[in-house]
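Sequence and model come next.

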Amino acid sequence: MSGRQSTAVATAEAQRRRVTVRGVVQGVGFRPFVYALAGELGLSGHVSNTGDGVVAEVEGDPGALAAFCGRIGSDAPPLAVVQSVTHEPLPAAGTSGFAIAPSRTGSATARTLVAPDTATCAECLAELRDPADRRYRHPFITCTHCGPRFTIVTGLPYDRGHTTMARFPMCPSCEKEYGDPGDRRFHAQPVSCHDCGPRLRLRVPGGTAAAPPPRNAEPIAAARQLLAAGAVVAVKGLGGYHLACDASNSSAVRLLRQRKARGDKPFALMCRDVEDAGRLVHLDAVARDLLTGGRRPIVLLRRRTGVELRNPELAVAAEVAPHTADLGVMLPYTPLHHLLFGLPGDPPGPRLLVMTSGNLGGEPIVTDDDEALTRLAPLADAWLLHDRPIHVPCDDSVVRVANGEQLPVRRSRGYAPFPVNLPRPVAAALALGGDLKNTFCVGEGHHAWLSAHIGDMDDLATLTAFGRAERQMEQITGVRPRVLAADRHPGYRSVGWALRNAGGRPLRRVQHHHAHIASVMAEHGLDGSRPVIGVAFDGTGYGDDGAVWGGEFLLADYDGYRRFAHLSPVQLPGGDAAVRRPYRMALAHLRAAGIAWSPALPCTVACPEPERRALAVQLERGLGCVPTTSMGRLFDAVASLSGVCHHAGYEAQAAMELEAAAAGCHDEQDAHGYEFAMRPTAQGPLAGDSAPMLARISADVRDGVPAELIAARFHRAVADLVRRVCGAARERHGLGTVALSGGVFANSLLSGACARALGDDGFTVLRHRLVPPNDGGLALGQLMIAARRDRTEGTEPAAPGLLSGRPRERGETEPEPGRTTATP
């Protein structure tokens, strides 16, 4: 055994127990905590990391043993997440003292949870700023309470030899701290100092890497100077490279935007501290906690107006986030970030930095240094690098605050790979997610592990990153999938990956919007014994009839769904062309509603005349058109019809700008006035007809009604539609729970309005809080449906309820009449 021993001595009546703790218990100071607890209670024995978690054998007084078993979970260190504590009796061995034993690899089915990367703690920050401390200005200062975890782990159990720190031998001082159970850095795997840790270097075009200085200060000072001069600097972070520039310098931001071909897509801001953030955006307690907590996501918050006049030193260039009501704000989360802003006495640099992912548009984030020097060469003026490898790419997480609760938009750094607890056990499975905002998921038993953000599956680099991340996730979770789940869309690249890599395993195809609803059900702990009213609003999802769905009201459980209502279908002319040019969607909706393309309407003027003539023929003959019920496309149409946005340079731009316009309307009384018509269809479900509303909007536009008021009235009309349809579903089927999912519900105005209206009507309303409502949360729902179905076709019967119908036959591929299930 290794490690310092306690002096506890076993008594004559001593008993012995083996205690196993599972959860996030490695790399978070858990073993020194156990060491101290055993010493306090006078127990002997030992503790070690294993592939199953932390295992302690303790011996001593029965009362002390009972206290130990209770406190090991309740008093755990701050970064630990204890999911279970089990113990079993052992024969007393008459041992004395307590030791920390070497780690053991454990069984082949080991499932220790690796901690997410965590922001630098207050103790480390104090040392970073203390000239008398030996780690003063050390860019890689860390301890068991903070620092990299997920992005540096290469295997289990989580020990230094299984991280990218294995290449950095510790100096005697660090080794002493690392081996001392009483020290905050005991077995902190990334521990290092100036003498033995990673080194920074600054590289500029046409030159060679600068020699690393003794105390690693000069590269940061030079980088700060470059940023202040308007340069774009590629900065190596925890999970990949950022591209940074001075957010107050319009020329620098405009240059970065041009180089990245970013269009008008907003950039994220990194503020020096929460006080500066509060001068830029409106902060409530939830937002403040998100910004200052250990996860440090980008938080989308409503910007203050006129802030440039009140705080000229904190002016945000207009090019940072044009045409949006929100700013994406985050705080420094690594020592390097804090040093980049400067310590007291340092030459001044920018107080606000643009921090955007280091990649070309649509590609995965860059993590490798050599790759960064080539792939980011067209984008960066300099590179601030270091020699600690990043093993797992991990983009920044993004959240919103809606009605006082966090709403995930992108779940990645700080959250991945922490699992979601499942309400029902699932077979070992891999769910592939979608093609946009891809996140995959592995699961078994009562846990599902979602990957970090992968990106859009539209190039070889992203597919390669997907495969690498999937192999690594299997390794750290111990899940060996025997079932795969994927979307029903025949053209999805994620589906193609599944077909190529199934290796004889069953592939379950899950309908897109059913997966959305199952996702929010799972995160709220619903076992599926009773269906919910699922409202799935998004831009695109492959429908059972081959149409593009996206404005769906489903009666759903994990075993199947019925389509209760949907938006009336409208022709989607030209596929992606209509998405990139919202005026095409506006004109298509007007044509479907029987409304003339008047030159008084902004969407008509925005469409060039030759394109308008061709579009009229295309819609009349149905050439290159597919019907869509998408709520996302209706948002696009109204955005262009009202004059808010005619061209979309990034996904959901039109919808985001329409939300921003609605947020600018402060006359709640005038925000009423539009209404959908409800009509039955020949197939059975109700259809929400937007024609009467579009006629009113067209009239308001011609009458000069402000776009902000039109946008607010439209949001209210959509919320009223949700209220009416859910009321009809409850009246017919007696269901009282509504689940809201799909990318449209990343809109905090709409999500909040729907939740309030449904709550006033007595519904239980489920909204996303753990995974995104967009396709970044899709894999969780796929897993629950496909792996649950795998169990129903095996040994476990389907739960009774509204959608159960007759028992499903083994191998059945056709859905029951009026009911849809996952298909093999």
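## Local packing in the predicted model

Histidine 514 is buried, at a relative accessible area of 1% (buried means under 20% with a 1.4 Å probe, protein chains only). This is a predicted model: local features need pLDDT of at least 70, side-chain atom pairs count only at pLDDT 80 or more, and totals for chains, interfaces and linings use all residues. Residues are numbered from 1 along each chain as its sequence is written, and side-chain values use heavy atoms, without hydrogens and water.

Histidine 514 lies in helix α14, residues 512-523 (helices are DSSP runs of H or I, at least four residues; strands are E runs of at least two, numbered from the N terminus). Leaving out residues up to four places away in sequence, histidine 514 touches residues including Leu554, Tyr558, Tyr561 and Ile785 (contact means heavy atoms within 4.5 Å).

Strand β2 spans residues 44-50, and seven of its seven residues are buried. Ser44, His46, Ser48 and Thr50 point one way; Gly45, Val47 and Asn49 point the other way.

| Partner of β2 | Sense | Bridges |
|---|---|---|
| β3 (residues 53-60) | antiparallel | seven bridges |
| β5 (residues 98-100) | parallel | three bridges |

β2 and β3 form a hairpin with two residues between them. Serine 44 stands opposite glutamate 59 in β3. Histidine 46 stands opposite alanine 99 in β5.

Notes
Buried < 20%, exposed > 50% of the residue type's maximum accessible area, 1.4 Å probe, protein only. Pairing = 2+ DSSP bridges.
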